[in-house]
Amino acid sequence: MCGSERSEFWTLRKPEALPTKLRSMFRAPDLKRMLRVCRELTDVQSYWVDVTLNPHTANLNLVLAKNRRQVRFVGAKVSGPSCLEKHYDCSVLGSQHFSSGKHYWEVDVAKKTAWILGVCSNSLGPTFSFNHFAQNHSAYSRYQPQSGYWVIGLQHNHEYRAYEDSSPSLLLSMTVPPRRVGVFLDYEAGTVSFYNVTNHGFPIYTFSKYYFPTTLCPYFNPCNCVIPMTLRRPSS
């Protein structure tokens, strides 16, 4: 027997657990939810209608493209965060009127610092005086279902809001700022839903269980931001 045998002992240590913060960083995305959301967006996109802008409803501070798919603000620059706080409106309506059925369209709002979009009652018309509203509420109170508007918007570069029948309006949490917003109207169901197309079609907000007493029109307001709003062609 050659020499004495050497024996070595090794102690295996249990690996240290990662802190909760680090563990969460490596968590896989919720693929099931993403697939469900993508399917939902695909379903509503099957109702895509070719919405265009109605030049007869455009405020004088706006310019529409010849194809009636783009609108931008060109009026005199005003102080304050938004034209909503002044005594004129910056809106234009869609040419289409909806009194039944399901309808979907998409709006490009990339690089804009302020905007409002959704649907409004056709009986209201595009123009109004803020003086009437200023006597009772803030200018933003005009954008509520009880006033015939089902809209969401961006204020102050980063505040996304839903203009519900509440004061103040609801602040929305947006993990991915939307560059393109999908709008889905289900007239019979009484719902108006908004989707963040930029973020795989994740839902932004839904106005639900409303009775629409009149015909509705798509509503667009580029505010006093000169970057245009653009209506996308179906499936573009």
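Are F98 and W105 buried or exposed? In the predicted model examined here, both F98 and W105 are buried, and the two residues form a stacked aromatic pair with a centre-to-centre distance of 5.7 Å and an angle of 25 degrees between the ring planes. This pair belongs to a total of 13 aromatic pairs. In another of these contacts, the ring centres of Y205 and F207 lie 5.1 Å apart with their planes at 80 degrees, so that this pair is classed as edge-to-face. Y205 is buried with a relative accessible area of 17%, and F207 is likewise counted as buried, at 0% relative accessibility. A single aromatic cluster is formed by Y143, Y149, Y163 and Y219.

The secondary structure of the protein consists of 3 helices and 13 strands. Of the 236 residues in the protein, 44% are buried, and the accessible surface comes to about 13,800 Å², with 53% of that surface belonging to carbon and sulfur atoms. Among the contacts with a separation of 6 or more, 68% are made by residues 24 or more positions apart.

Six strands form an open sheet, in which the order is β3-β12-β5-β6-β7-β8 and the pairing is antiparallel. The edges of this sheet are provided by β3 (92-93) and β8 (170-172), each of which pairs on one side only. Within the sheet, strand β5, spanning residues 115-121, is joined to strand β12, spanning residues 216-221, by 6 bridges in the antiparallel sense; in this pairing V119 stands opposite P218 of β12. In general terms, the strands of a sheet pair through backbone hydrogen bonds, in either a parallel or an antiparallel arrangement.

A further set of pairings involves strand β4 (residues 102-108), which is mostly covered, with 6 of its 7 residues buried. Strand β4 pairs with strand β9 (residues 180-186) in the antiparallel sense over 7 bridges, and it is also joined by 2 bridges to strand β13 (residues 229-231), again with an antiparallel course. The residue V107 takes part in both pairings, for its bridge partner in β9 is V181, while its bridge partner in β13 is L231.

Several residues in the loops were considered individually. N54 is placed in the loop between α2 (31-45) and β1 (62-64), and at 18% relative accessibility this residue counts as buried, because the threshold for burial is under 20%. The side chain of N54 reaches the backbone nitrogen of H56 at a distance of 3.0 Å. When residues up to four places away in sequence are not counted, N54 touches L64, V92, L93, G94 and S95; of these contacts, V92 and L93 correspond to the residue range of the edge strand β3 (92-93).

Two residues other than glycine are noted for a positive phi. For R68, phi is near 60 degrees, and the residue is found in the loop between β1 and β2 (70-73), where it is partly exposed with a relative accessible area of 40%. For H156, phi is positive at about 50 degrees although the residue is not a glycine; H156 is located in the loop between β6 (149-155) and β7 (159-162), and its relative accessibility of 31% places it in the partly exposed class.

A search of the whole structure finds 0 disulfides. The cysteine sulfur closest to that of C217 is in C120, at a distance of 5.9 Å, which is too far for a bond, because a disulfide requires the two sulfur atoms to lie within 2.5 Å. C217 counts as buried, with a relative accessibility of 1%, whereas C38 is partly exposed at 32%.

Key
Residues are numbered from 1 along each chain as its sequence is written. This is a predicted model: local features need pLDDT of at least 70, side-chain atom pairs count only at pLDDT 80 or more; totals for chains, interfaces and linings use all residues. Side-chain values use heavy atoms; hydrogens and water are left out. Buried means under 20% relative accessible area, exposed over 50%, partly exposed in between (1.4 Å probe, protein chains only). Helices (H or I, at least four residues) and strands (E, at least two) are DSSP runs, numbered from the N terminus. Contact means heavy atoms within 4.5 Å. Accessible areas come from the Shrake-Rupley method with a 1.4 Å probe; for residues, only the protein chains shown count as cover. Two strands pair if DSSP finds at least two bridges between them. Rings of Phe, Tyr and Trp (its six-membered ring) pair if their centres lie within 6.5 Å; planes under 30 degrees apart count as stacked, over 60 as edge-to-face and the rest as tilted. A polar contact is a pair of N or O atoms within 3.5 Å; within protein, one must be able to donate a hydrogen and the other to accept it, and residues adjacent in sequence count only if both atoms are side-chain atoms.
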